[in-house]
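Biologist: I would like to learn how to read helix packing and strand pairing. Could we work through an example together?

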Amino acid sequence: MVVGGGLTGLWSAIHVKEGDPAAEVVVLEAEEVGYGASGRNGGFAMTMVGRSLHDLLRKVGPSRARATYHAMVRTLRRIEAFADAEGFGSAVARATILTVSNGPEQDVRIERDLEAAERLGLDSFRPLDASACRALVGAQGLRRGHLEEHGLLVDPAALVRGLREAAIRRGVRVHERTPARAIRSGPSGVEVRTPGGEVRAERAVLALGAYGAAVPQIRRFLFTLYASIVVTEPLSEEQWGRVGWHGPLGVEDKRTMPHFFRPTPDGRILWGGRDVLYVPDGPDARFDRIPWAYARLEETFRATFPQLADVRIEGGWSGPIDAAATAMPHAGWLDGRRALYVAGYSAHGVGPAHLMGEVVRDLILDRHSELCELPVVTAPRVPLPPEPLRRLAVALPQRILQRADDMGGGGPAARLLARILQ
């Protein structure tokens with residue numbers, strides 16, 4: 001049984017069913033598939049696990065960082081191949097990822113990533129100076145960057161709907177509008193109470209994303225943020241010419257709270273990031289729209305693309321993020337190896353969700369594999385204090401770092417926090 005019909009839950013169901021065709025696999029989703037972050041993200045599928053390549057290397061060492069990176073490269077290719085084979089390849093486009101600096105403190109972060117790539121023997125990162133960055137996208141303020149050849153740009157809603165159909169074709173039963181009212185784990189298995197009755201299984205996968213905050217054992221390691229995205233109206237060919245955006249290219253900057261932007265298949269610019277809102281009690285539908293965040297995003301969009309002053313921002317949305325202190329997803333057992341949870345993507349889950357689905361398969365089916373030795377399984381989790389100390393540990397540092405981002409630097413507190421995180 002899989003509780004949660006997002007990317008992690010659907011990939012897990014598909015991988016388990018393929019790993020053991022005789023297994024009975026059921027997916028329970030409270031709303032419709034992709035309702036949470038899986039359907040509301042910016043569509044960047046990257047190799048990133050953790051905050052950056054430098055951060056991953058620093059946390060887990062060269063051997064495990066290298067293994068994680070190569071596992072992510074393989075998983076991106078498998079996502080692409082799976083989508084093509086299942087008939088929804090139009091939802092997935094191979095892309096390069098441009099990471100850029102807008103200030104001196106971001107220059108350092110670019111250099112650290114390049115140094116990490118060199119230390120790990122990776123040839124997929126290419127350093128770019130300011131003019132080379134602007135040749136790819138005509139944005140203001142670019143100082144330097146690096147270009148990574150491995151990436152995907154996806155249509156999140158189309159991807160998750162394609163996975164739903166692929167799961168059903170394999171014999172997975174998908175029940176939408178079926179919220180889990182209670183989850184109980186015992187010696188004989190797991191029971192989930194729904195409005196229509198109880199579902200019992202020998203083992204369960206809790207693929208709840210930010211909604212895992214409702215489970216105390218998961219909440220210890222998880223906090224909820226709300227992030228926002230705006231999109232422009234469709235650009236004309238002449239307007240795209242002013243930007244000089246060439247090919248399928250996703251862009252993310254090196255702010256502590258980064259901006260990310262990309263073209264959409266229907267000719268818009270998607271612009272997201274900047275502000276994140278800490279929500280202490282877990283996901284709350286009141287924050288599905290945050291107008292002040294959209295205004296702040298439009299402000300930086302206008303500063304970055306002054307040549308598009310005549311292009312309207314047409315809409316925006318917000319959604320919950322399952323964040324962890326390590327910024328790294330984790331798969332772990334709850335009581336008695338009956339319930340397995342996956343959480344902590346920290347806003348970079350589109351690509352890793354496929355990898356975590358493979359990890360789930362091997363753990364649920366008791367198969368020891370190289371995937372089970374990756375840091376997403378073996379790295380220690382960092383517990384968070386209860387409220388009100390949690391707010392001080394999460395929200396206050398975020399405000400300090402957000403202000404430092406906006407000012408292009410910051411005082412001693414911001415510099416210390418940036419060193420800890422980056």
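Modeller: We will look at a pair of helices and then at a sheet. This is a predicted model, so local features need pLDDT of at least 70, side-chain atom pairs count only at pLDDT 80 or more, and totals for chains, interfaces and linings use all residues. Residues are numbered from 1 along each chain as its sequence is written, and side-chain values use heavy atoms, leaving out hydrogens and water.

Biologist: At what angle do the axes of α1 and α7 cross?

Modeller: Axes are lines fitted to C-alpha atoms, for helices over the stretch in contact, with angles from 0 to 180 degrees between N-to-C directions. Helices (H or I, at least four residues) and strands (E, at least two) are DSSP runs, numbered from the N terminus. Here α1 (residues 7-19) and α7 (residues 156-169) have axes that come within 9 Å and cross at roughly 25 degrees. That makes the two helices roughly parallel, a label for angles under 35 degrees.

Biologist: Which residues of α1 meet α7?

Modeller: Contact means heavy atoms within 4.5 Å. Leu7, Leu10, Trp11 and Ile14 of α1 meet α7 residues including Leu159, Leu163 and Arg164.

Biologist: In what order do the strands of the open sheet lie?

Modeller: Strands pair if DSSP finds at least two bridges between them. The order is β3-β8-β4, with antiparallel pairing. β3 (44-45) and β4 (92-94) are the edge strands, each pairing on one side only. Between β3 and β8 (residues 152-154) there are 2 bridges, and Ala45 stands opposite Leu152 in β8. Helix α4 (residues 62-86) packs on this sheet, touching β3, β4 and β8.

Key:
Parallel < 35°, antiparallel > 145°, perpendicular 65-115°, else oblique.
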